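Colleague: Thanks for making time for this one! Could we go through the model together, one question at a time?

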Amino acid sequence: IDEIIDWADVVCATNSGCGSDLMSERRFDTVIIDEATQTTEPSCWIPIKLSSRVIMAGDHKQLPPTVLSEDAKDLNKTLFESLIERQDVDIRTVLKIQYRMHEKIMNFSNREFYDGVLKADSSVAGHTLRDLTSFHPNSDYGKVSEKVIHPDKPIVFIDTKNLEASERVRKGSTSKENPKEAHIATSISSKFLGLGLEPEDIAIIAPYDDQVDLINGRIEEENLEVDTVDGFQGREKEVVILSLVRSNREKNVGFLEDVRRLNVSITRAKRKLIIIGDSSTVSAHGTYSSLIDYISENGEVIIPEE
């Protein structure tokens, strides 16, 4: 193995692997730490000591590493973020072209989190589900469903404020679930499968574990992915259905208050983003209120009555 590493021009390793007997005494021209905003500062120092030149890649506007211990909560702040605060333009460059999502899906995050500097490459700026499937208006869909799945609306908000769609907590759990939103999400996914989309093209995500479990129990397609927002960071699908879950009289949004979680969740979709939520609850937070306003102007806000 030593001979192979000596011969290689590029060596790939985890941060902790750089501290192994095979790696710890080696020196490299450059160390590149990918996803540097998802690793704790102590973890970053393990590979950093292998070179005098370090390049870190990441997005501090998205979620930090998961730190479960209250005693270690300071580790939520990454070395990447600390360096941005101390040095910023002196050491930073921004990758301004994104190659994932339709520009209308991109634009809210671009305005809200990235100072408007991002641009969608021409290969993705206008791409829609029409490139993947044939859509023909069909009375069987129903008027609401047809609006939701219509390919010419890359971003849709389904507002449950007039429905019986309150969140609930399972006995013995600290997580949240919302059965009505789970039903809507699974129903929409079925409509897309009926259009001919592959299960692998669709993801349903939610901020809470119990909501993910609830939806998973209702999905029959093995390859249709259901995950938490945190677990889906760094991933992408042609269609993403996001269930916000929170719906209560107190207008409490819980840890949706961390808008980095919102940024992650609304930037996973390539051609179609559908958000399900109760505007009367989530709009109590200014960023979510701005998002719904943005969708009203640039996409479709749908308010079902039953």
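Colleague: How many salt bridges does the structure hold?

Modeller: Happy to start there, and do keep in mind that this is a predicted model. A pair counts when a side-chain nitrogen of Lys or Arg is within 4 Å of a carboxyl oxygen of Asp or Glu. Over the structure, the salt bridges number 18.

Colleague: Which residue forms a salt bridge with glutamate 85?

Modeller: The closest N and O atoms of that pair are 2.6 Å apart, and the cut-off is 4 Å. The partner of glutamate 85 is lysine 77.

Colleague: Does glutamate 85 count as buried or exposed?

Modeller: Exposed means over 50% relative accessible area, and partly exposed lies between that and 20%. Lysine 77, at 36%, is therefore partly exposed. Glutamate 85 has 52% relative accessibility, so the class for glutamate 85 is exposed.

Colleague: Nice. Now the domains: how many salt bridges are there between domain 1 and domain 2?

Modeller: Domain 1 covers 1-93 and domain 2 covers 126-302, with their C-alpha centres 34 Å apart. Seven residues of domain 1 do contact nine residues of domain 2. Between the two domains there are also four residue pairs in polar contact, both residues at pLDDT 80 or more. The salt-bridge count, though, is zero.

Colleague: What area do domain 1 and domain 2 bury between them?

Modeller: Interface size is often quoted as the accessible area lost when the parts come together. Here, 44% of the buried area is on carbon and sulfur atoms. On the domain 1 side, Lys61, Gln62 and Leu63 lose the most area to domain 2, together 70% of what that side buries. For both domains, the buried area is about 740 Å².

Colleague: Last one: how many residues does the largest nonpolar core have?

Modeller: Ile188, Phe192, Ile241 and Ile275 have the most contacts inside that core. Leaving aside residues up to four places away in sequence, isoleucine 188 touches Val148, Ile158, Ile241, Ile274 and Ile276. Another core lies apart, with 13 residues, including Cys18, Met23, Leu50 and Leu79. The residue count of the largest core is 65.

Notes. Residues are numbered from 1 along each chain as its sequence is written. Side-chain values use heavy atoms; hydrogens and water are left out. Domain bounds come from an automatic or database domain assignment. Contact means heavy atoms within 4.5 Å. Buried area is the accessible area (1.4 Å probe) that two parts lose on being put together, summed over both. A polar contact is a pair of N or O atoms within 3.5 Å; within protein, one must be able to donate a hydrogen and the other to accept it, and residues adjacent in sequence count only if both atoms are side-chain atoms. A nonpolar core is a set of buried Ala, Val, Leu, Ile, Met, Phe, Trp, Tyr and Cys residues joined through side-chain atoms within 4.5 Å. Buried means under 20% relative accessible area, exposed over 50%, partly exposed in between (1.4 Å probe, protein chains only).
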